[in-house]
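Thank you all for coming.

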Amino acid sequence: MPVYINSIGSVSAQKTFDNSLFLEEIVRYNDTVLEIIAPNYKDYIPPAAARRMAKGIKMSTVSAKTAMIEAGMEEDEIDAIIVGTGLGCIGDSEKFVSDILDNDEQFLTPTRFIQSSHNTVAGQIALGMGCKGHNFTYVHSAISFESAVMDAKMQLENEEAKNILVGGVDELVDHHVNTHRLIGHIKQEPVETMSVLTSGTKGAVFSEGAHFFTLSNEKRSSCYSELLAVETFNTLAEDQVAAKTKSFLSENGMGPDAIDVIILGYNGDVEFDGYYDTLATALFKDTAQVYYKHLSGEFDTASGFGFWLGNKLLKQQRIPDAVRLNSVPANSAQNALIYNQYRGENHSLTLLRKC
Amino acid sequence: MGIISAIGNNVAENYASLIAGKRGISRISQIETIHKDEIMVGEITGTNAVLEKQLGFTENEVSRTVLIGCIAADEAISNAGILDINNARTGLISGTTVGGMDKSEQYFYDYFDRPEVRQHITGLHAGDSTKKIATHLGLEESFVTTISTACSSSANAIMLGARMIKSGKLDRAIVGGTDCLSKFTINGFKTLLILSDTYSAPFDEERKGLNLGEAAAYLVLESDALVQKENKKVLGYVTGYGNANDAYHQTASSEHGDGALLAMEKALKTAGMQASDIDYVNAHGTATPNNDLSEGRALIRLFGEKVPEFSSTKAFTGHTLAAAGGVEAVYSVLALQNDTIFPNLNYTTPMKEFALDPITEVTKKPLRNVLSNSFGFGGNCSTLIFSKDKS
């Protein structure tokens, strides 16, 4: 049973919430952390409800709604909701911790605690849609989103579901940023958007975002791509990346030359970008190469932006200049491969075909 | 399978406590909290120092969630007779809600001027605990992920493992979960006013709420092909599973247990069973007014007049949050292996809403199929069915 990505939704540090646009205009930053470009939430969420919502829930609601509308999907058609998130509504978790510490465990209210549960986003979306189906939340760093995609694919292939809403979301908050600066995971010096790749410094530019997609075993007129395969690896040595990628492709009856576009998760961290080089400089040196984390920033579910990009470029058959790593053309691109890892761990390979 | 909980440091000790009716609920000793005289908890006896030494971690290297997770996972691997964990396509799927929160809350403000505690910064990621358990087990180039669906997390981890093996994506899945006690969860449940100030009494009219607990439990699931190839002894089969959402309220269960009923029905369907095939129900039974009413009603809706023998084992262990589904999976398999139903402690007065009496004494009965429920925040409802024979 094939698995189609029928629609997409994105809220990110670029103006991606409008599906009619495709990175025609790039918002350029010169910073070490990037916030999302917020849509006008009032267009999506009743203001009274929005006031009570954590940022992660708001972003997800917009992104999920965008995907639902684009596919012409009715709420009661959704059989399952699966979300990946590195940290959930971390803003509420951190606030609850500081309230505990600052007030010596007194005068606390439950709201923060309730929202801090990692599955708040998936639960809230289900509650909003009245969806009583399978509801999972994956929380495993850089493969949180891919775990969700893999679960959805398995259910659709086994005909346990027909339509699934799949998403990835993470929000940026101060304490998380400040502590990750201490351990050098965030760059010390600001870097200009189009220079991220050549920064030559350690750490990444941190950000946030929400990316939701409808996956179905029937193609709709809005269809972007067919999801052929997704696989994750907890560890992978740098010199094993090419071999793993080759065997991943051959399991899907393809060689590297069948790939028309490769989407790489370069984030400008001089310590870990080498993993991507192993593919860019050898196996796929004559393939059109794109990257995106200079636009989206790095976060646990940043690969959701990569997935969004892969779908978008296969459907529109156009590679925006701002994401190009090389000038190899991708005329009538059929197959796109996405490779991501974070700090040398949690590697993922995702294979999409134009539908 | 492997387990560490307030009633024992391994499977044998847990079984001995269950049979002896020996609960692990006490005043809290290892966390400094102003609520210590108002709550009872299910605490694992070993201090971090003891567990670190046992596992070969350096002092304060990792969260307690990781320590207890490693102990349970080690026992599961050894119990399954696995000598080379990478000799088959092995995955690790772990459920957790607390993750490294015990350390995050302790050093929240200290990170800035104490470099020696900064190893815990990345521990706030729930998935970090799973990563460290995978490293401890020597699992490489593998599928390793974490599920966090509140108190049904490890039940869902077991479900995913079973589905991946069934789909041919893995030959072996180490599944379960781990959660230690933390100020975060103590205060969180305290604000929800669902912590009992005494021993929790599941399904009792006078129940006052739950006792929090800490535990880790993992099971090794293997494909038929791997079992045959390695001539393994099978402890039991995961024959049914179902996950559904109550879609009613962020923290409370619906009055009539819609989600719970759906999850149980789905599990029966995947198992190809009728309700009458279930011999024992290990209930979620947290002893909160809301859960037990909702779950009891769902049981009546599913089983009608013939609700099978049931009990909640949470009065032994406390509610171990994300680990509960794993803990109760181990107990369900122990029940099958020993044809024994474990008692629902502290039950005296039937609930006025229905005529349901849990089993209160250790009871011998031939058991073929055991149904285990786990429900969580976000409306998450999960049911697993464990069987003596393959369906």
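Predicted model: local features only at pLDDT ≥ 70, side-chain atom pairs only at ≥ 80, totals over all residues.

Chain B, to begin with the overall picture, contains 12 helices and 15 strands, and its C-alpha trace spans about 60 × 55 × 40 Å along the principal axes. A compact globule of 391 residues would have a radius of gyration near 21 Å, and the 19 Å of chain B agrees with that. Of the 391 residues in chain B, 63% are buried. If we take the contacts in chain B between residues at least 6 apart in sequence, 78% of them join residues at least 24 apart.

Let me now go to helix α1 of chain B, which covers residues 11-20. Which of its residues are buried? They are B:V11, B:N14, B:Y15 and B:L18, and when one looks down the axis of α1(B) these buried residues fall within an arc of 100°, so they line one face of the helix. After α1(B) comes B:G21, which has a positive phi, near 65°.

Next, still in chain B, there is an open sheet of three strands, with the order β2-β3-β7 and mixed pairing. The edges are taken by β2 (25-26) and β7 (212-213) of chain B, each of which has a single partner strand, so one side of each is left without a neighbour in the sheet. Strand β3 of chain B, residues 41-42, pairs with β7(B) in the parallel sense over two bridges, and B:V41 has B:L212 in β7(B) as its bridge partner.

How many residues does each chain bring to the contact between chain B and chain A? Chain B gives 53 residues and chain A gives 48 residues. On the side of chain B that touches chain A, the elements that give two or more residues include α5 (126-137), β5 (143-147), α6 (153-166) and β9 (237-245) of chain B. The residues on this side of chain B divide into 20 nonpolar, 25 polar and eight charged.

Strand β8 of chain A, residues 225-235, pairs with β12(A) in the antiparallel sense over nine bridges, and here A:E226 has A:R353 as its bridge partner. Strand β11 of chain A, residues 335-342, also pairs with β12(A) in the antiparallel sense, over seven bridges, with A:N340 standing opposite A:S348. Together β11(A) and β12(A) form a hairpin with two residues between them, and in that turn A:R343 has a positive phi of about 50°.

One last point comes from a record: an unreviewed UniProt entry lists residues 45-210 of chain A as "domain: Beta-ketoacyl synthase-like N-terminal". In the model, that span is 45% helix and 13% strand, and its end C-alpha atoms lie 15 Å apart.

Notes: Residues numbered from 1 in each chain as written. Chains lettered and ligands numbered in written order. Buried ≥ 20, exposed ≤ 12 C-beta atoms within 10 Å, placed from the backbone. Helix = DSSP H or I, 4+ residues; strand = E, 2+ residues; numbered from the N terminus. Arc of directions from axis to C-beta. Pairing = 2+ DSSP bridges. Contact = placed C-beta atoms within 7 Å. Nonpolar A, V, L, I, M, F, W, Y, C, P; charged D, E, K, R; others polar. UniProt positions renumbered as here; feature names shortened; annotations may be inferred. Rg over C-alpha atoms; globule rule 2.2 N^0.38 Å.
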